[in-house]
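Here is a quick tour of a protein chain, meant to be read with the structure open beside it.

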Amino acid sequence: MPHLWITQNDRWFPLALSAPALALSPEGTRPLERFDPAPAWLREVCGDWVLLASRGSVAVNGSPLRGLRVLRDRDELRFDGGARVYFSTEQLAAVRPHESDATLCCPRCKLASITRGVPTVTCPTCKAVCHQAEDLACWTYGPTCPLCDQPTALDAGYHWSPEDLD
């Protein structure tokens, strides 16, 4: 689920975004809005979330915004008055049943046995799909994803935060 990283007491915290909108500006406008529901072609072309701003009230990645901006993962938003937040699309690793009719091969055990309904984890970083059942706990078998450096602990939290920038 997309979220904003906000600061409180000099610490960064994720704030989950939910549809259809979240008011962010002190002027009472609604600069952050989700296309709900977004058609598949629109999500592929420009993502789900846009930022609307007027009169230079916000900057995205250091550039003043007037009008519309499609938000991307790790965009920095700075508002008049100095407030700074980061938009993120990173998702947490979670066990879910495989939903596709396509059979996948697990990158850890190399078995082509990931079928509809099989418990799996999709890596938040590289999108690899691994088994995660009692008899085949491939995702948590090693300390990181078999294809990237994403930690595999199911309670590992987010891989990236704005603290990485400080």
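The structure holds 1 cavity of 30 Å³ or more. Bear in mind that this is a predicted model. About 40 Å³ of space lies in that largest cavity. Its lining is made up of Leu92, Ala93, Gln150, Pro151, Ala153, Leu154, Ala156 and Gly157. Sorted by type, the lining of the largest cavity has 6 nonpolar residues, 2 polar ones and no charged ones.

Now for the open side of things.

| Space | Volume | Lining by type |
|---|---|---|
| Largest cavity | about 40 Å³ | 6 nonpolar, 2 polar, no charged |

## The chain as a whole

Stepping back, the protein chain has 2 helices and 11 strands. Read from the N terminus, the order is β-β-β-β-α-β-β-β-β-β-β-β-α. The chain has 166 residues, and 34% of them count as buried. It exposes about 9700 Å², with carbon and sulfur atoms supplying 52% of that area. Among contacts with a separation of 6 or more, 32% are between residues 24 or more positions apart.

## Two lysines with positive phi

Which lysine in the loop between strand 9 (95-97) and strand 10 (119-122) is worth a look? That's lysine 110, where phi is near 70°, a positive value in a residue other than glycine. The side of the story about solvent is simple: lysine 110 counts as exposed because its relative accessibility is 58%, and the cut-off for exposed is over 50%.

Lysine 127 sits in the loop between strand 10 and strand 11 (129-131). Its phi is also near 70°, again positive in a residue other than glycine. With a relative accessibility of 51%, lysine 127 counts as exposed too.

## Threonine 152, tucked away

Threonine 152 belongs to the segment after helix 2 (138-141). Is threonine 152 buried or exposed? Its relative accessibility is 3%, so it counts as buried. A polar atom of the threonine 152 side chain lies 2.4 Å from the backbone oxygen of glycine 142. Not counting residues up to four places away in sequence, threonine 152 touches Arg108, Trp139, Thr140, Gly142, Pro143, Thr144 and Cys145.

How far apart in space are glutamate 163 and arginine 11, C-alpha to C-alpha? They are 8.0 Å apart, although 152 residues separate them in sequence. Leaving aside neighbours within four places in sequence, glutamate 163 is in contact with Arg11 and Trp12. Glutamate 163 is partly exposed, at a relative accessible area of 39%.

Definitions and conventions. Residues are numbered from 1 along each chain as its sequence is written. This is a predicted model: local features need pLDDT of at least 70, side-chain atom pairs count only at pLDDT 80 or more; totals for chains, interfaces and linings use all residues. Side-chain values use heavy atoms; hydrogens and water are left out. Helices (H or I, at least four residues) and strands (E, at least two) are DSSP runs, numbered from the N terminus. Buried means under 20% relative accessible area, exposed over 50%, partly exposed in between (1.4 Å probe, protein chains only). Contact means heavy atoms within 4.5 Å. Accessible areas come from the Shrake-Rupley method with a 1.4 Å probe; for residues, only the protein chains shown count as cover. On a 1 Å grid over the protein atoms alone, a cavity is a set of points where a 1.4 Å probe fits but cannot get out, and a pocket is an open set with protein on both sides within 12 Å along at least five of seven lines; lining residues have an atom within 4 Å of a point. Grid points are joined across faces, edges and corners, and a volume is the space filled by probe spheres set on the points. Ala, Val, Leu, Ile, Met, Phe, Trp, Tyr, Cys and Pro count as nonpolar, Asp, Glu, Lys and Arg as charged, and the others, Gly among them, as polar. A polar contact is a pair of N or O atoms within 3.5 Å; within protein, one must be able to donate a hydrogen and the other to accept it, and residues adjacent in sequence count only if both atoms are side-chain atoms.
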